[in-house]
Amino acid sequence: MTENDKRSSSSSMVIGYWMSDRKSQKLNWIEFGKVCRQHGYELVKLDLDKPLENQGPFAVILHKLTEIIARNDEKAIQIIDRIEQYIKDHPEVLIIDPLDSVRTLLDRYKTYNVVLNTTLNNIGVFTPTFVEILSTNVKDNIKKLKNAGVTFPFICKPFVAQGTNYCHQMSVIFNERGVADCKPPCVAQSFINHNAILYKLYVVGDHYQMVERPSLKNFYASNDDRDTITFDSHSVSKSDSSSELSVLDPSESAKGSSIDPIKLHSIVKTLGNHLNMSLYGVDVVVENDTNRHAIIDINAYPGYDGFPDFFGKLIDCVMSRRAQSICSKAYFEDSGFDTSDSSDEKKSRAKLNSIN
Ligand SMILES: Nc1ncnc2c1ncn2[C@@H]1O[C@H](COP(=O)(O)OP(=O)(O)OP(=O)(O)O)[C@@H](O)[C@H]1O
Ligand SMILES: O=P(O)(O)O[C@H]1[C@H](OP(=O)(O)O)[C@@H](OP(=O)(O)O)[C@@H](O)[C@@H](O)[C@@H]1OP(=O)(O)O
Ligand SMILES: [Mg+2]
Ligand SMILES: [Mg+2]
């Protein structure tokens, strides 16, 4: 009897997972195996070099494939194609999270547009003005920045948001001379002064948690010829970061910004609907003086550093998402929809949403 035969004859359902060894070590992932067993699930690591058909059957696929999607070389494309084919052939499998939704978050420009298209603006939550920079032509870029309303200082972020070794390399640009330092393809985004405090919202299905982190200090449009500052975001906003870029000028008082729990709740509820993701993180800063809340970054499957009982909430998320998907499939089938046809399912999901 093979491992797969044994599995299919046992009563536990299988969660196939993949994340890098580095990530699983960081999360102490072995512990999650125990939590899964307590809830009737078996946790099996996917072998991405082999067909998934021989490794299942899976009830759930749980992954952090950001670095493979972002790699985009021949081998990576083959791996992702194989996973997508398996998902297509097995519509009953729950995937956390859908690859298309993850792809959106891997593109900072698309991500900011998602936020822009929500109603969050009505409650004082916004995404700072941004524009995509695709060329190295400084004159054209200055024009583009002006037309979009991006103001100095602004922050330049690589298009790719996660999973590469350059995606966290950023710069703060103070003047037209600095525009030459933009490294396309990137997104230029107006800098929001926020007294060097970042709020990270970690979301696991219906649960979320806020943690406070250090952030960049206040910067002002300078009349002088100030040089561009370049930095690695991971040296600024980790729980143990102590970058000199986070130290406020002596003339500034570190007045605590007032984070609004209702706004945070609305951010999670609203983005949950728009992103179609269960595992993500939202970075928020509170603008000095106005108290408006700015969403400056959204990450697929973030670090969850400081999230209490992450594994308990993760298994809870898996189980409730499975229940939702089983109920909605039953509803669609009762309504005569073909659930193997994703366009049909989209139409009926819209109908279901309008009823709920
Ligand atoms: N528009 C902005 N205004 C002010 N500060 C910003 C802005 N955008 C980013 N920052 C600062 O730069 C840091 C890095 O930006 P961002 O969160 O977009 O990078 P990242 O590499 O995607 O981070 P993560 O590690 O969370 O994925 C933030 O933690 C914050 O301190
Ligand atoms: O380094 P941490 O553990 O904190 O997690 C970071 C995570 O690294 P990982 O690869 O180890 O998951 C990053 O993913 P990649 O860019 O590497 O894809 C990205 O999601 C960050 O936003 C996370 O930072 P956080 O937002 O939680 O502070
Ligand atoms: Mg961030
Ligand atoms: Mg990010």
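Visitor: How do the residues of the shell around ligand 1 divide into nonpolar, polar and charged?
Guide: The model is predicted, and the shell is read from its atoms. Around ligand 1 there are 23 residues, with Lys157, His168, Ser215, Ser233 and Ser237 as the closest. By class, the shell around ligand 1 divides into nine nonpolar, nine polar and five charged.

Visitor: Which element supplies the largest share of the shell around ligand 1?
Guide: At least two shell residues come from each of β7, β9 (186-190), β10 and β14. Three residues form the largest share, and their source is β14.

Visitor: How much of the area that ligand 1 exposes when taken alone does the protein bury?
Guide: Several polar atoms meet ligand 1. A nitrogen atom of ligand 1 lies 3.1 Å from a polar backbone atom of serine 190, and an oxygen atom of ligand 1 is 2.7 Å from a side-chain N or O atom of serine 237. Aspartate 283 also places a polar side-chain atom 3.1 Å from an oxygen atom of ligand 1. Of the 620 Å² that ligand 1 exposes on its own, the protein buries 97%.

Visitor: Lysine 200 and aspartate 283 are joined by a polar contact; at what distance?
Guide: Aspartate 283 has a polar side-chain atom 3.1 Å from an oxygen atom of ligand 1. Lysine 200 is in strand β10 and is listed with the residues that come nearest to ligand 2. The side chains of lysine 200 and aspartate 283 make a polar contact of 2.8 Å.

Visitor: Is lysine 200 buried or exposed, and at what relative accessible area?
Guide: The class follows from a cut-off: a residue counts as buried under 20% relative accessible area. Lysine 200 is therefore buried, as its value is 10%.

Visitor: Which residues come nearest to ligand 2?
Guide: The shell around ligand 2 divides into three nonpolar, seven polar and seven charged residues. Of the 17 residues around ligand 2, those that come nearest are Lys26, Gln162, Lys200, Tyr202 and Lys238.

Visitor: What percentage of the accessible area of ligand 2 does the protein cover?
Guide: Oxygen atoms of ligand 2 lie 2.8 Å from a side-chain N or O atom of arginine 22 and 2.6 Å from one of lysine 26. Asparagine 299 has a polar side-chain atom 3.1 Å from an oxygen atom of ligand 2. On its own, ligand 2 has 540 Å² of accessible area, and the protein covers 90%.

Visitor: Which element gives the most to the shell around ligand 2?
Guide: Two or more residues of this shell come from each of α2 (21-27), β10 (197-204) and β14 (293-300). With three residues, the element that gives the most is α2.

Visitor: Which backbone nitrogens does the side chain of asparagine 218 reach?
Guide: Asparagine 218 sits in the loop between β11 (207-214) and β12 (229-232). Its relative accessibility is 3%, so asparagine 218 counts as buried. At 3.1 Å its side chain reaches the backbone nitrogen of histidine 194, and at 2.9 Å that of asparagine 195.

Visitor: How far apart in space are alanine 161 and aspartate 297, C-alpha to C-alpha?
Guide: Alanine 161 is in the loop between β7 (154-158) and β8 (169-173), and its 1% relative accessibility makes it buried. In sequence, alanine 161 and aspartate 297 are 136 residues apart; in space, the C-alpha to C-alpha distance is 8.7 Å.

Visitor: Where is the cis peptide bond that involves proline 57, and between which strands does proline 57 lie?
Guide: Most peptide bonds are trans. The bond from glycine 56 to proline 57 is cis, with omega near 0 degrees. Proline 57 is in the loop between β2 (41-45) and β3 (60-63).

Visitor: In which loop is aspartate 97 placed?
Guide: The peptide bond that runs from isoleucine 96 to aspartate 97 is cis, with omega near 0 degrees. Aspartate 97 is placed in the loop between β4 (94-96) and α6 (99-105).

Visitor: What is the phi of asparagine 72?
Guide: Most residues other than glycine have a negative phi. Asparagine 72, in the loop between α4 (66-71) and α5 (74-89), counts as exposed at 52% relative accessibility. Asparagine 72 is not a glycine, yet its phi is positive, near 55 degrees.

How values were computed: Residues are numbered from 1 along each chain as its sequence is written. Chains are lettered from A and ligands numbered from 1 in the order in which they are written. This is a predicted model: local features need pLDDT of at least 70, side-chain atom pairs count only at pLDDT 80 or more; totals for chains, interfaces and linings use all residues. Side-chain values use heavy atoms; hydrogens and water are left out. A residue is near a molecule or strand if one of its heavy atoms lies within 4 Å of it. A polar contact is a pair of N or O atoms within 3.5 Å; within protein, one must be able to donate a hydrogen and the other to accept it, and residues adjacent in sequence count only if both atoms are side-chain atoms. Accessible areas come from the Shrake-Rupley method with a 1.4 Å probe; for residues, only the protein chains shown count as cover. Helices (H or I, at least four residues) and strands (E, at least two) are DSSP runs, numbered from the N terminus. Ala, Val, Leu, Ile, Met, Phe, Trp, Tyr, Cys and Pro count as nonpolar, Asp, Glu, Lys and Arg as charged, and the others, Gly among them, as polar. Buried means under 20% relative accessible area, exposed over 50%, partly exposed in between (1.4 Å probe, protein chains only).
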